[in-house]
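Welcome! Have the structure open beside you, and try each exercise before reading its solution.

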Amino acid sequence: MLSKQQARNFFLGGTLVTFLAFIGLTIFSFSKTQDQTNDENITEAVVRGKDLWEANNCMGCHTILGEGAYYAPELTKVIERRGPAYINAVLRQPVSWAPHGRKMVAYGFSEEETKDLIAFFEWIGEVDLNGFDTVVSPLAKEDN
């Protein structure tokens, strides 16, 4: 059994070791070699595409990086799965359409807005996911 002095020393030593490990791992995680966001590839088109994504509440139906609703397909790697021509056709669709009974709104995006959204999808598709596959809902899998 430990004395009070030994217990206190054990507690303080363990706290110090844990604190130093936490600080070391924090510094390591913020190092440039650990950066997986590919933020160096963010362009004005990517920023405009993200703004369009948010302004049109695309996350209300779709997900990116597993975040959002699961009503419509996951779009993290959509360029890899479908290609830019397909995405362009979907976004420029003049009327609403309903694949598998789920209605996609016809937003009437301009050619420039469509290019910006595609640039955003291309950028988000290049984020390093540490080998994890994107989360795809069972309904969205029908569209892939």
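Predicted model: local features only at pLDDT ≥ 70, side-chain atom pairs only at ≥ 80, totals over all residues.

Residues are numbered from 1 along each chain as its sequence is written, and side-chain values use heavy atoms, with hydrogens and water left out.

**Exercise 1. Find which residues of helix α2 are buried, and work out how they are arranged around its axis.**

Step 1. Helices (H or I, at least four residues) and strands (E, at least two) are DSSP runs, numbered from the N terminus.

Step 2. Pick out Ala-45, Val-46, Gly-49, Leu-52 and Trp-53, the buried residues of α2. Buried means under 20% relative accessible area, exposed over 50%, and partly exposed in between (1.4 Å probe, protein chains only).

Step 3. Look down the axis of α2: the buried residues fall within an arc of 120°, so they line one face of the helix. The arc is that of the directions from the helix axis to the C-beta atoms. On the face turned away from the buried side of α2 are the exposed residues Glu-44 and Ala-55.

**Exercise 2. Describe how α2 and α5 pack.**

Step 1. Helix α2 (residues 44–55) meets helix α5 (residues 111–125) at an angle of about 100°, and their axes are 7 Å apart. Axes are lines fitted to C-alpha atoms, for helices over the stretch in contact, and angles run from 0 to 180 degrees between N-to-C directions.

Step 2. The two helices α2 and α5 are therefore roughly perpendicular (under 35 degrees is roughly parallel, over 145 roughly antiparallel, 65 to 115 roughly perpendicular and the rest oblique).

Step 3. Contact means heavy atoms within 4.5 Å. Among the contact residues are Leu-52 and Trp-53 of α2 and Phe-120 and Trp-123 of α5.

**Exercise 3. Is Ile-79 buried or exposed, and what does it touch?**

Step 1. Ile-79 belongs to helix α3 (residues 78–82). Its relative accessibility is 17%, so Ile-79 counts as buried.

Step 2. Setting aside neighbours within four places in sequence, Ile-79 is in contact with Pro-84, Ile-87, Ile-118, Phe-121 and Glu-122. Ile-79 and Glu-122 are 43 residues apart in sequence, with their C-alpha atoms 6.1 Å apart in space.
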